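Trainee: I am new to this structure and would like to find my way around it. Could we go through it together?

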Amino acid sequence: MMLGLTLGQFTQLHTLISLIAIAAGVVFFLTLLRGRWLMLTNGIFLIFTILTSVTGFMFPPKPIGPPFIFGVISLAVLAVSLFALYGRGRAGRWRGVYLGTALFAQYLNMVVLVVQSFQKIPALNAFAPTGTEPPFLATQALVLIGTLLVGWRVIARPSRRLSPGMA
C-alpha cells in the first residue's frame, strides 16, 4: 500500500496527477504562444509535474530503468526551472532558462503519455505492440517537433510583449 491506497488506486491517483500536469502545461504553453502568462496555470503545471515524478518513485521498487531515469531528469530540470522562476525572477537570460527547462519537463511528460497510451490503450497497442513501429515513432516525432516549435516561439518572444494573467 502507498499512502494508504492499494496499488491500483495509487496508479489511478498517479495517472490523474500526470494528466493534470500535462493539461496545465498544454494550456500554459499554448496561452504563452498568444502572449499571455497564466500564473495560476503555470503554478499548477509545476506542482503537478513535480508530484508526477515524486509519486512515480513511490511505486514498488524495480530495477533502475527508463521511468526512474525520467523521474530523476524531470526533478533535476524542474529544480532549475524553479530557481529561474523564483530565485531569479525570470530576469534576463533566466526567462529563457525557465521556459526551456519547463518546456523540457512538459516534453518528458508527453513522452511518457505517448508510451503509456501505446502500452495501455488496446486500439493504439494494436498499431505498435512493441513501441518500435512507425505509428509509435511518428507520434513521438510529432511530440518532439511540436515541443521544439513551441519552444522556439515562446523563447524568441520578447518578454515585454507578455501580458500577465491570473488563470
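What follows is a short talk about pockets and helix packing in this predicted model.

Trainee: How much space lies in the largest pocket?
Mentor: Good place to start! Rolling a probe the size of a water molecule over the atoms shows where empty space is left. For the largest pocket here, that space comes to about 1200 Å³.

Trainee: Which helix gives the most to the lining of the largest pocket?
Mentor: The lining has 35 residues, with H14, F59, P67, V112 and Q116 lying nearest the pocket centre. Helices α1 (7-33), α2 (39-56), α3 (66-87) and α4 (93-120) each supply at least two of the lining residues. The helix that gives the most, with ten residues, is α4.

Trainee: Which helix gives the most to the lining of the second largest pocket?
Mentor: This pocket has a volume of about 180 Å³, and its lining includes G25, F29, L103, M110, V143 and T147. Helices α1, α4 and α6 (134-156) each supply at least two lining residues. With five residues, the one that gives the most is α6.

Trainee: How many nonpolar residues are in the lining of the second largest pocket?
Mentor: Here the lining has no charged residues. Four of the lining residues are polar. The nonpolar ones number eight.

Trainee: Are α2 and α3 roughly parallel or antiparallel to each other?
Mentor: Two packed helices are described by the angle between their axes and the distance between the axes. For α2 and α3 the angle is about 150°, and the axes are 9 Å apart. Angles over 145 degrees count as roughly antiparallel. So α2 and α3 are roughly antiparallel.

Trainee: Is the crossing of α2 and α3 left-handed or right-handed?
Mentor: Look at where they meet: N42, L46 and T49 are among the α2 residues in this contact, and G71, S74 and L75 are among those from α3. By class, the contact has eight nonpolar, five polar and no charged residues. The crossing itself is left-handed.

Trainee: And α4 with α6: is that crossing left-handed or right-handed?
Mentor: These two pack at an angle of about 165°, with axes 10 Å apart, and are therefore roughly antiparallel. Their contact includes R95, G96 and L99 from α4 and P135, F136 and T139 from α6. It divides into 15 nonpolar, six polar and one charged residue. The crossing of α4 and α6 is right-handed.

Definitions and conventions. Residues numbered from 1 in each chain as written. Predicted model: local features only at pLDDT ≥ 70, side-chain atom pairs only at ≥ 80, totals over all residues. Heavy atoms only, no water. 1 Å grid on protein atoms, 1.4 Å probe; cavity = no way out; pocket = protein on both sides within 12 Å on 5 of 7 lines; lining within 4 Å. Points joined across faces, edges and corners; volume = space filled by probe spheres on them. Helix = DSSP H or I, 4+ residues; strand = E, 2+ residues; numbered from the N terminus. Nonpolar A, V, L, I, M, F, W, Y, C, P; charged D, E, K, R; others polar. Axes fitted to C-alpha atoms, helices over the stretch in contact; angles between N-to-C directions. Parallel < 35°, antiparallel > 145°, perpendicular 65-115°, else oblique. Left-handed = near helix turned anticlockwise from the far one by under 90°. Contact = heavy atoms within 4.5 Å.
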